[in-house]
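The points are grouped by topic.

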Amino acid sequence: MNMNKNRVMSRKYVVISLLVMILGGVLFGAAIMKCFKMAGITSLSNLSICIILYVIVCIFCWMPLIVPANQIAEMDENTVYITPQYSTMKKLKIAWYTLINDTMKPFYRSIPIASIDKLTFTFQSQWGAYAYKRFSFELRLQVGEEKILVYINPGQNGPIIPSGYGVPFAGTLTKGEIANLIGFFRSAGVQVADPYKLEAAMKDENVVLYDYLDSLNKKIRF
């Protein structure tokens, strides 16, 4: 099973993120300069330098946040490749490495599927926009004595319109793809625990996933 759906960073993703950060900083700076002009302050040379520094700081502060953590990057028949939770400085290094090399594969962690003793398929409930909730799916892998947490966010529950018919974002998995992923682990001999019967709900085309998850009344995590 090959699961590479642009879920991880590429050079294009980093470039777009950089442009958004720079644009946001410039617009913020322009608004500040406009306010100063309206206040009658005409000497803005020092302010311009501050705006440039502000943009640079934004880049270095926000760049680590675009690096995915605890997600499945790729899979094949024998191995799962995940993006671990790295430190902030390591994430900054990964972002610049991806910008130059158009890949972050050297930073993947490989987990042989045969080494996974148990997989628990569950979810977390969080507040979303417009009084909706957001749901994040989790795979809790038991590998020997180690417990590894992997997050999956489905296309049916996007962060902008978090509902059963939400807006899917690039790289997100549909509920059918998530169900196939769980089935793949089971067929590979991994013991799968599914306490909320999520796999069956995802396979049922008549089930609106948001409504099903909401009906479970799981405690909201902030």
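Predicted model: local features only at pLDDT ≥ 70, side-chain atom pairs only at ≥ 80, totals over all residues.

Contact here means that heavy atoms lie within 4.5 Å. With that cut-off, and leaving aside neighbours within four places in sequence, leucine 209 is in contact with Phe137, Lys175 and Met202.

- Four strands form an open sheet in the order S6-S5-S4-S7, and their pairing is mixed.
- Because strand S6 (146-152) and strand S7 (191-193) stand at the edges with a single partner strand each, one side of each is left without a neighbour in the sheet.
- From one strand to the next, the twist averages 25 degrees.

**Strand S5 and its partners**
- Strand S5, residues 133-143, pairs with S6 in the antiparallel sense over seven bridges, and phenylalanine 137 has isoleucine 152 in S6 as its bridge partner.
- In the hairpin of S5 and S6, two residues lie between the strands, and glycine 144 takes a positive phi near 65 degrees.
- Strand S4, residues 118-127, runs antiparallel to S5 and is joined to S5 by ten bridges; glutamine 126 stands opposite arginine 134 of S5.
- Eight of the eleven residues of S5 are buried, so the strand is largely enclosed by the rest of the structure.

**The contact of H1 with H3**
- Two packed helices are described by the angle between their axes and the distance between the axes.
- The axes of helix H1 (residues 11-38) and helix H3 (residues 88-101) come within 8 Å and cross at roughly 115 degrees, and the crossing in which H1 passes H3 is left-handed.
- On the H1 side the contact is made by Arg11, Val14, Val15 and Leu18, while H3 contributes Ala95, Trp96, Thr98, Leu99, Ile100 and Asn101.

**Leucine 209**
- Leucine 209 lies in helix H6, which spans residues 209-215.
- The relative accessibility of leucine 209 is 4%, and because buried means under 20%, leucine 209 counts as buried.
- Phe137, one of the residues in contact with leucine 209, is the residue of S5 whose bridge partner in S6 is isoleucine 152.
- Between leucine 209 and phenylalanine 135 there are 74 residues of separation in sequence, whereas the two are 9.8 Å apart in space, C-alpha to C-alpha.

How values were computed
Residues numbered from 1 in each chain as written. Heavy atoms only, no water. Pairing = 2+ DSSP bridges. Axes fitted to C-alpha atoms, helices over the stretch in contact; angles between N-to-C directions. Left-handed = near helix turned anticlockwise from the far one by under 90°. Buried < 20%, exposed > 50% of the residue type's maximum accessible area, 1.4 Å probe, protein only.
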